[in-house]
Amino acid sequence: MSKYYSIHEFSKIIGVSAQTLRNWDSNGKLHPHYTTTSGYRYYSDEQLSQVMNVKPRNRITIGYCRVSSHKQKDDLERQIDNVKTYLMAKGQPFEVISDIGSGMNYKKKGLRELIKRISQNQVEKVVVLYKDRLLRFGFELVEYIASLYNCEIEIIDNTEKSEQQELVEDLVQIITVFSCKLQGKRANKAKKLVQELIQEEENDAKSRKGNVRT
């Protein structure tokens with residue numbers, strides 16, 4: 001059974017004003033599926049799909065930058081500068097949305113704003129410096145949601161990491177998040193484990209570089 005939307009619901013989903021829809025109705029660009037005797041306009045799922053497949057002229061590129069904590073503000077600024085430099089070279093209109101929070105936190109203000117604007121068909125492309133800057137886990141889900149609105153996600157630095165590097169980074173992220181919920185000795189043990197994992201990965205990286213030189 002087809003779902004129907006009021007003019008205000010439909011306008012919010014596709015990212016235009018209700019008055020724009022009234023104008024479209026008047027000039028024949030898009031008539032509502034049906035209009036009640038009282039003059040209320042309603043739009044169908046089929047019309048929603050039709051409009052979503054038409055790219056509005058005002059869609060823009062959004063650069064998304066994120067760090068995990070306030071201690072990394074300097075890194076966030078560098079990340080923003082790099083993304084801005086990359087996008088300015090493209091010569092297209094863009095905005096930058098930034099977040100401070102875990103890559104496992106799906107409630108970040110900037111991330112929610114980004115997804116909302118994608119779902120309103122306002123975004124042509126999302127650009128991130130590294131894949132995990134968008135999300136540590138769940139990147140593919142956001143990428144799929146974006147694809148439904150003809151929005152591309154571009155990663156500037158596609159340098160491949162070894163399976164061991166990715167595993168260590170994932171473990172560090174998981175332990176860090178859960179250690180924040182612990183107290184006392186258990187929290188200290190978790191933090192110590194994180195430090196050991198990071199140190200072990202750094203030692204392995206140095207060892208790999210040494211072998212390459214040899």
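Val126 stands opposite Ile153 in β7. That places us in a predicted model, at the pairing of strand β6 (residues 123-128) with β7. The two strands run in the parallel sense, and four bridges join them.

Now widen the view. The sheet is open and has four strands. Their order is β5-β4-β6-β7, and the pairing is parallel. In general, strands of a sheet pair through backbone hydrogen bonds. Here the edges are β5 (94-100) and β7 (152-155). Each has a single partner strand, so one side of each is left without a neighbour in the sheet. From one strand to the next, the twist averages 25 degrees.

A helix packs on this sheet: α4, residues 73-90. Helix α4 touches β4 (60-67), β5, β6 and β7. The direction of α4 makes about 160 degrees with that of β4.

Next, the helix pair. Helix α1 covers residues 7-14, and helix α2 covers residues 18-27. Their axes come within 8 Å and cross at roughly 105 degrees. Angles of 65 to 115 degrees count as roughly perpendicular, and α1 and α2 are therefore roughly perpendicular to each other.

Which residues in α1 and α2 meet? From α1 come Ile7, His8, Phe10, Ser11 and Ile14. From α2 come Ala18, Leu21, Arg22 and Trp24. By class, this contact has six nonpolar residues, two polar and one charged.

Technical notes:
Residues numbered from 1 in each chain as written. Predicted model: local features only at pLDDT ≥ 70, side-chain atom pairs only at ≥ 80, totals over all residues. Heavy atoms only, no water. Axes fitted to C-alpha atoms, helices over the stretch in contact; angles between N-to-C directions. Parallel < 35°, antiparallel > 145°, perpendicular 65-115°, else oblique. Contact = heavy atoms within 4.5 Å. Nonpolar A, V, L, I, M, F, W, Y, C, P; charged D, E, K, R; others polar. Pairing = 2+ DSSP bridges.
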